Amino acid sequence: MALGEVNPIHLDPAAARNAGFPDIVAPPSFFVVLEALANEALRSRGERTVDELIGSDNRYLLHGEEDYFYRGLVYAGDEVVISTTVTDFYNKNNGALEFAVLASAVDHVSRGRLIDAKRVLVHKLPGQLEP
Amino acid sequence: MTDLPDLAEARVGDVLPELEYGPITRMMLALYAAASGDHNPVHVDSDAAHAAGLQDVFAHGMLSFGVLSRAVTAWAGIERVRRVRCRFSAITQVHDTITVRATIAERLVLQDETCVRLSIIAVAGGARQTLKGDAWVAVE
């Protein structure tokens, strides 16, 4: 697996079931995959993704902060709803750094809230020195 | 559920085993892009990285977060992980090895559960701190 994960509950459905889970268990960083899938679905419906909404530019985009509250596990086969709100925008260093703050929730139809996420995305505009 | 590690003996000041990931090759970045759905060219296409004013491709931030959270789940079992947060302070470059170091910083009660807070850093290329964060884990 791309993170070097070796725990079979994240890789093998039989191992996950043997361990008492209904199917493969998503690791904590799986939120990015959920968001990517949601973005694909939005694009296929002709709707704007959060990236497009905030005008994020792949050339300058960095993660600032990530904060995930894990309320319940996510399993292979789950159908979830992910909703994201832009909660803040600000600049620093005379506009050399731009920040967008996003709050997201991942809900399962019967198991309820699985993840609450707060993320700060940063634009580091060109011409600035490396930290 | 899984045989959860016994955290009853966990004490403030305990240091977790270090976790290493890397050296990060371009292939690993390509595989992470495919796995995560993040196809930002600056992580896999050196022409795109140069056009963005960078020396070379660099690792996805969430790859580092993923390795950091691996250290937490390996120690506690994913069922016990309640919250993971981190702040990014430096880029992880291609060819870097990521090292995750965690210490038990605090014992506390969260929503009626006894938990510990791990204080965690990730370091790239041996010395450059890239992430600083915390993880809250139930110890039962």
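**Close-up 1. The Phe21–Tyr75 ring pair in chain A.** A search over all chains of this predicted model turns up 5 aromatic pairs (Phe, Tyr and six-membered Trp rings with centres within 6.5 Å; planes under 30 degrees apart are stacked, over 60 edge-to-face, the rest tilted). Take A:Phe21 and A:Tyr75: the ring centres are 6.2 Å apart and the planes meet at 45°, so this one is tilted. A:Phe21 sits in the loop between α1 (13–18) and α2 (31–44), and A:Tyr75 in the loop between β1 (61–70) and β2 (80–92), 54 residues apart (helices are DSSP runs of H or I, at least four residues, and strands runs of E, at least two, numbered from the N terminus). Both A:Phe21 and A:Tyr75 are buried (under 20% relative accessible area, with exposed over 50% and partly exposed in between; 1.4 Å probe, protein chains only).

Close-up 2. A:Phe31 and A:Tyr68 make another tilted pair, 5.4 Å centre to centre with 55° between planes. A:Phe31 belongs to helix α2 and A:Tyr68 to strand β1, so the pair ties together parts 37 residues apart in sequence. A:Phe31 is buried at 1% relative accessibility, and A:Tyr68 is buried at 1%. Ring pairs join A:Phe31, A:Tyr68, A:Tyr70 and B:Phe65 into a cluster.

**Close-up 3. Charges over rings.** The charged end of A:Lys92 sits over the A:Phe99 ring, 5.1 Å from its centre (Lys NZ or Arg CZ within 6 Å of the ring centre and within 35 degrees of the ring normal). In chain B, B:Arg83 lies over the face of B:Trp136, 4.5 Å from the ring centre.

**Notes.** Residues are numbered from 1 along each chain as its sequence is written, and chains are lettered from A and ligands numbered from 1 in the order written. The model is predicted, local features need pLDDT of at least 70, side-chain atom pairs count only at pLDDT 80 or more, and totals for chains, interfaces and linings use all residues, while side-chain values use heavy atoms, leaving out hydrogens and water.
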